[in-house]
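I opened the notebook to keep track of what I looked up here, one topic per entry. Have the sequence and the model at hand while you read along.

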Amino acid sequence: MSDVPVLKVEELITRFGGGPGQGVTAVDHVSFSVGRGETLGIVGESGSGKSVTAMSILRLVPRPGRIDGGRVELNGVDLLPLSEDEIRKRRGTECGMVFQNPMTALNPVFSIGWQMGEALRAHGRERNSSQIIEGSLAGVGMPDPQRQANSFPHQMSGGMRQRVVIALGLINEPQLLIADEPTTALDVTIQAQVLDLMKKLTSEKGAALLMITHNMGVIARMCDRVAVMYAGEVVEEAPVDEIFSNARHPYTRGLLRSVPDGARPLQKMPTLPGEPPDMSRPFDGCRFRARCEFADHRCSAHPDLLEIRPGHRSRCWVAQAGEEFGPQPDSEADNVV
Amino acid sequence: MSSEGQPLLEVHDVKKHFDVKSHGAKAVLRAVDGVSLSLNSGETLGVVGESGCGKSTLARMIVGLEKPTDGKILMEGGDISTPGRAGRAYRANVQMVFQNPSGSMNPRRSIGASVAEPLQARGVRNCREEVAKVLARVGLNPDFASRRPHQLSGGQQQRASIARALISDPRLVVHDEAIASLDISLQAQILNLLLDLQQELGMSYVFISHDLAAVQIISHRIVVMYLGEVVEATSAGEFARQPLHPYSLSLRAATLFPDPERERNKPHVLLKGDVPSPLAPPSGCRFHPRCPLATDLCKAEKPRLSKIAEEHHVACHYPEKTPTITEGGAGASRSTETAREVI
Ligand SMILES: Nc1ncnc2c1ncn2[C@@H]1O[C@H](COP(=O)(O)OP(=O)(O)OP(=O)(O)O)[C@@H](O)[C@H]1O
Ligand SMILES: Nc1ncnc2c1ncn2[C@@H]1O[C@H](COP(=O)(O)OP(=O)(O)OP(=O)(O)O)[C@@H](O)[C@H]1O
Ligand code: SF4
Ligand SMILES: [Mg+2]
Ligand SMILES: [Mg+2]
């Protein structure tokens with residue numbers, strides 16, 4: 001194994017609209033890396049820049065968005081300066097993507113089979129394509145794969161479309177798979193099957209997996225490390241067990257408190273207090289400050305993302321000073337305080 | 001007004017069959033195949049089930065977007081398909097949050113305009129304040145009212161659709177996988193909001209979701225669907241304690257826990273067999289090819305949805321053989337405490 005990670009994102013900045021001081025910095029100096037056979041989970045606030053990060057890696061940011069800085073290295077090669085042609089060649093083979101909204105990834109006017117065939121053709125795999133297509137549809141738990149290859153996106157249920165998009169992302173066995181909320185529309189038994197398939201890609205083919213999800217069960221099952229995003233920044237990154245048992249950022253801890261517990265029917269659940277951040281205004285100090293129960297005078301300065309122990313980074317003054325947050329509610333037994 | 005004891009919504013043996021092509025020949029796809037259920041005012045009915053089992057199709061029939069092939073849907077005793085006033089009154093009182101936010105957000109209109117629509121349909125002219133209020137309640141910055149859907153993240157769009165469904169204080173809201181795309185703090189915030197609105201206004205919900213824990217939190221009763229049919233219907237408390245249909249149990253077994261150690265050590269049991277086709281549903285019990293308890297009887301004879309306890313109906317020949325859920329076992333509830341206070 002070489003030391004070069006499959007994916008290395010460094011100080012990535014992606015903005016939407018506006019001149020200096022205007023618009024939204026959706027991704028703000030984001031850095032992380034994913035090695036061979038490794039799965040990095042990204043969790044975080046809705047609107048914190050997870051999908052835009054994923055799209056930036058593949059250079060698929062929609063207008064008026066633009067990448068304003070940083071590096072995205074795939075197997076040691078920076079993708080950002082590449083020509084449109086060169087990047088297109090890498091999508092699909094080197095890097096597969098499962099988009100959050102299946103409808104944007106599928107073309108409504110072509111059959112599923114045609115679209116999957118197109119992905120194969122783009123990489124010179126015409127031979128036996130209908131067998132490959134049926135096999136990969138069966139692999140994601142699609143009933144009647146032969147018939148489904150001839151159907152159109154609108155004839156499918158939400159979860160079926162999502163499975164098609166997953167099959168598309170996996171069909172060329174990419175070295176890096178970026179999966180953005182891949183299982184939200186799937187029932188848990190199909191979810192288990194699909195997750196196993198992705199695990200196989202990482203464990204058998206040594207691919208790297210970047211898994212964006214709100215589902216803490218999926219994170220627990222799949223990930224080696226987890227990066228937590230808030231307001232465009234990574235605020236914490238740590239091995240998965242550390243995140244669940246010893247989170248070192250108040251946002252992560254607040255988030256974990258809200259994991260639903262089915263044993264408390266019709267009872268209100270703890271949520272993060274306060275308003276979501278307004279990304280269109282400049283921030284002053286720690287971006288989580290207004291909602292943070294630990295905030296003090298230090299927090300009016302913007303904290304960096306620093307290593308607080310080996311492999312564990314946090315963007316919080318309190319954590320960086322080595323101070324305690326108090327016991328973390330056990331995510332297993334009683335996550336309601 | 002509803003008379004005492006009359007359910008708000010009654011679904012009677014409803015079917016939806018689609019004509020499709022299979023290998024060049026015409027075929028009938030039984031998306032929903034004889035579903036009955038009822039919902040009282042101020043109550044939430046959770047619907048769970050395999051992907052593709054007909055939940056969204058059922059939801060679309062309940063809100064009147066799709067016509068049943070067979071069967072009846074009644075609101076306060078009146079058939080919703082009645083043309084004219086009764087039908088219109090029904091549609092004004094029913095809203096739906098779609099699985100995919102593009103179902104309710106017009107890409108060419110501002111968020112504010114889409115959210116205001118149900119209020120405007122009732123003749124309310126100036127809705128700006130109402131829009132700002134409802135956006136804030138779903139955790140969106142009221143400034144988003146002027147944005148277009150594509151300028152929002154997936155979860156932000158979904159919250160806008162929820163705001164749209166709630167703005168006109170409808171009697172019944174059908175939530176189709178409405179919160180899965182939100183971060184968990186927002187999921188909790190929306191569930192809390194739904195509980196509040198139910199208490200304040202007596203709203204009723206049909207809550208479709210793959211997240212068993214969320215369904216157990218919000219629901220009074222839960223139905224489990226498999227391949228177009230209801231296979232189990234019970235109270236949320238009973239479902240948390242001991243579901244009895246083997247398919248319900250496999251759902252519980254596949255539920256993932258926010259606990260890496262437990263997930264690493266848990267054997268990952270996959271349901272055996274292929275996902276069956278709604279074009280050619282298996283004989284007898286539709287679950288039999290994948291069921292660990294299946295016998296010849298299950299192959300030959302379809303089990304009826306029968307009452308086996310107060311408020312507990314199961315369509316299985318051997319409900320007494322279902323393995324008991326033990327503490328820390330396959331359950332979606334993370335503690336054994338399931339005592340439940342109905343508000
Ligand atoms: N086309 C656009 N124009 C302006 N702002 C945009 C556009 N697309 C995204 N944004 C903004 O960028 C930010 C990041 O969006 P992104 O889709 O990455 O969020 P996310 O973390 O994936 O959230 P979710 O969990 O809800 O999917 C959001 O605040 C969003 O409003
Ligand atoms: N317009 C249509 N034409 C043909 N078949 C359809 C149509 N709409 C739905 N179906 C089929 O009906 C079945 C039920 O679909 P439905 O969307 O109701 O499932 P679901 O339970 O909501 O699934 P999911 O959990 O994946 O959203 C599926 O087999 C689907 O392919
Ligand atoms: S730096 Fe301060 S405000 Fe930010 S998370 Fe830490 S304690 Fe809270
Ligand atoms: Mg997203
Ligand atoms: Mg659906």
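**Entry: strand pairing in chain A.** I looked at how β1(A) pairs with strand β2 (residues 24–34) of chain A, and found them antiparallel, with eight bridges between them. I am working from a predicted model, so please read every entry with that in mind. I then checked β1 (residues 7–16) of chain A against strand β4 (residues 65–74) of chain A: these run antiparallel as well, joined by eight bridges. In β2(A), A:Leu7 has A:Val34 as its bridge partner, and in β4(A) A:Leu7 stands opposite A:Leu74.

**Entry: a helix in chain A.** How many of the ten residues of helix α4 (residues 112–121) of chain A are buried? I found seven, and noted the helix as mostly covered. The buried ones in α4(A) are A:Ile112, A:Gly113, A:Gln115, A:Met116, A:Gly117, A:Ala119 and A:Leu120. I also looked up what they pack against: α3 (102–105), α5 (129–139), α6 (145–148) and α7 (158–170), each of chain A.

Entry: B:Ser56 sits in helix α1 (residues 55–62) of chain B, while B:Gln99 is in the loop between β6 (94–97) and α3 (111–121) of chain B, so the pair ties together parts that are 43 residues apart in sequence.

**Entry: cavities.** I counted seven cavities of 30 Å³ or more in the structure. I listed 29 residues in the lining of the largest cavity, with A:Asn215, A:Met216, B:His210, B:Asp211 and B:Leu212 nearest its centre. The elements that give two or more residues to this lining are α8 (188–205) and α9 (216–222) of chain A, plus α6 (184–201) and α7 (212–218) of chain B. By type, I sorted the lining of the largest cavity into 14 nonpolar, eleven polar and four charged residues.

The second largest cavity has about 80 Å³ of space. I found 13 residues lining the second largest cavity, and B:Cys285, B:Cys291, B:Cys298, B:Cys316 and B:His317 lie nearest its centre. The lining of the second largest cavity has ten nonpolar residues, three polar and no charged.

Key
Residues numbered from 1 in each chain as written. Chains lettered and ligands numbered in written order. Predicted model: local features only at pLDDT ≥ 70, side-chain atom pairs only at ≥ 80, totals over all residues. Heavy atoms only, no water. 1 Å grid on protein atoms, 1.4 Å probe; cavity = no way out; pocket = protein on both sides within 12 Å on 5 of 7 lines; lining within 4 Å. Points joined across faces, edges and corners; volume = space filled by probe spheres on them. Helix = DSSP H or I, 4+ residues; strand = E, 2+ residues; numbered from the N terminus. Nonpolar A, V, L, I, M, F, W, Y, C, P; charged D, E, K, R; others polar. Pairing = 2+ DSSP bridges. Buried < 20%, exposed > 50% of the residue type's maximum accessible area, 1.4 Å probe, protein only. Contact = heavy atoms within 4.5 Å.
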